[in-house]
2 protein chains.
Amino acid sequence: MELPEAKEKFIEAWGKLGSEWGINRTMAQVHALLLISPEALTTEEIMITLSISRGNANMTLRELIGWGLVQKQHKAGERKEYFFADKDTWNIARQVAKERRKRELDPVIKILDELSKVEGDTTDPEFMTFTKSVKDINKLAKNVDKTLDTMLKAEENWFWGSIFKIFK
Amino acid sequence: MELPEAKEKFIEAWGKLGSEWGINRTMAQVHALLLISPEALTTEEIMITLSISRGNANMTLRELIGWGLVQKQHKAGERKEYFFADKDTWNIARQVAKERRKRELDPVIKILDELSKVEGDTTDPEFMTFTKSVKDINKLAKNVDKTLDTMLKAEENWFWGSIFKIFK
DNA sequence: TTTAACTTTCAAATATTACTGAAAGTTTAT
DNA sequence: ATAAACTTTCAGTAATATTTGAAAGTTAAA
């Protein structure tokens, strides 16, 4: 397999993986493209390479910046904005975990906390099954939350720090 | 908040979380409904409670069974099939991790392995950035894969076993 | 073997999500 | 102040994913 074909496959695979995990395909593809680019790219270059519109490229790049996965770069004497991706896989994983925790896990925990408070007839199986499940899931969610929090600060923690060195 | 309202909210929240993570909303909702049901339910009951069609209910239930999250139950002297969900959160998490690894992580690792083999000019920054990124991601993916594998067998392993007791 | 209860299938309809592109907005150089 | 270079917005369009429902298929009792 030659490099150009390999690049395409990589972008495609990353896009597919993203879409299976609730990240919009194009966003994942732009990210993939930047991951394998030695130089920062312009909106123009991204548009052309991926055959996407200006609007799409722009929105996607802004979102990637919002996720902390991509940064702008300004070249001296140029008006154009250049974009590049952090290439440290560990940082990428951390960023994604951080954002998704904030956007999705935290709101669910808030609801589960509410639902844990519901009171009812403790002899009613309907009620008992409900509270049991809600409380169990709440507990799991909170443990995941706490663990993520620790992981995200792993560098400061001897225990997780040493576990996650394995991943790097 | 009263129980019926709480149930609705739970089903809604679970459905939303599912869809944010690439699991079809209805599937997550049916799962939620079964999670909070003390008794196994029929297709009919599920259809009515969630206002979904027979076809949808049937497909969704089969998929949930495929994920190992739901099981059929046959009641003596009845033709109807009843469905119930495993309510152990740890099992649920394990099943989901297991399925997604098989369906999504494994195929990506296969592609990354292919792409790691691509050869090229080691003085070409395009090539070098490509292989570096692919190899880094491949390494991370494989570590995640290995860790999941170990986790899924956690019960047999003193180290992870003791870590994951915390989650229960 | 017939029938009725029940389950499964799948083409078409609907709903959801993503994308386009032209126009409006912004910034910087002259 | 003007113009050129560039970025952002968003209404309309397109693509994708999900759902419906009626027909076909299956099973078990009589």
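How do the residues of the surface near DNA strand D divide into nonpolar, polar and charged? In this predicted model, the division is one nonpolar, eight polar and six charged. The residues around DNA strand D number 15, and those that come nearest are A:Asn58, A:Arg79, B:Thr26, B:Ser53 and B:Arg79. Of the atoms of DNA strand D that come within 4 Å of the protein, 65% belong to sugar and phosphate.

Individual contacts to the phosphate oxygens of DNA strand D involve both side chains and backbone. In chain B, an N or O atom in the side chain of B:Thr26 is 2.2 Å from a phosphate oxygen of DNA strand D. For B:Ser53 the atom concerned is a backbone N or O, and its distance to a phosphate oxygen of DNA strand D is 2.6 Å. Two elements give two or more residues to the surface near DNA strand D, namely helix 4 (54-66) of chain A and helix 4 (54-66) of chain B. Helix 4 of chain A gives the most, with four residues.

The two protein chains also contact each other. The contact between them takes 48 residues from chain B and 48 residues from chain A. The size of an interface is often given as the accessible area lost when the parts come together. For chain B and chain A, the buried area is about 4,400 Å², and carbon and sulfur atoms give 74% of it. Two salt bridges are counted between chain B and chain A. A salt bridge joins the side chains of A:Glu126 and B:Lys7, with an N to O distance of 2.7 Å. Polar contact is found for eight residue pairs across the interface of chain B and chain A, with both residues at pLDDT 80 or more.

On the side of chain B that touches chain A, at least two residues each are supplied by helix 1 (3-20), helix 5 (89-116), helix 6 (125-152) and helix 7 (158-165) of chain B. Helix 6 of chain B gives the most to this side, with 14 residues. By residue class, the side of chain B that touches chain A consists of 28 nonpolar, seven polar and 13 charged residues.

Within chain A, the domain assignment gives domain 1 (3-85) and domain 2 (89-165). The centres of domain 1 and domain 2 of chain A, taken over C-alpha atoms, are 31 Å apart. Nine residues from domain 1 of chain A and six residues from domain 2 of chain A take part in the contact. About 660 Å² is buried between these two domains of chain A, 63% of it from carbon and sulfur atoms. Zero salt bridges are counted between domain 1 and domain 2 of chain A, whereas two residue pairs, both at pLDDT 80 or more, are in polar contact across their interface. The side of domain 1 of chain A that touches domain 2 of chain A has five nonpolar, four polar and no charged residues.

Over all chains, the structure holds 26 salt bridges. A:Lys142 and A:Asp113 form a salt bridge in which the closest N and O atoms are 2.8 Å apart. This pair links distant parts of the chain, with A:Lys142 in helix 6 (residues 125-152) of chain A and A:Asp113 in helix 5 (residues 89-116) of chain A, 29 residues apart.

How values were computed:
Residues are numbered from 1 along each chain as its sequence is written. Chains are lettered from A and ligands numbered from 1 in the order in which they are written. This is a predicted model: local features need pLDDT of at least 70, side-chain atom pairs count only at pLDDT 80 or more; totals for chains, interfaces and linings use all residues. Side-chain values use heavy atoms; hydrogens and water are left out. A residue is near a molecule or strand if one of its heavy atoms lies within 4 Å of it. A polar contact is a pair of N or O atoms within 3.5 Å; within protein, one must be able to donate a hydrogen and the other to accept it, and residues adjacent in sequence count only if both atoms are side-chain atoms. Ala, Val, Leu, Ile, Met, Phe, Trp, Tyr, Cys and Pro count as nonpolar, Asp, Glu, Lys and Arg as charged, and the others, Gly among them, as polar. Domain bounds come from an automatic or database domain assignment. Contact means heavy atoms within 4.5 Å. Buried area is the accessible area (1.4 Å probe) that two parts lose on being put together, summed over both. A salt bridge is a side-chain nitrogen of Lys or Arg within 4 Å of a carboxyl oxygen of Asp or Glu.
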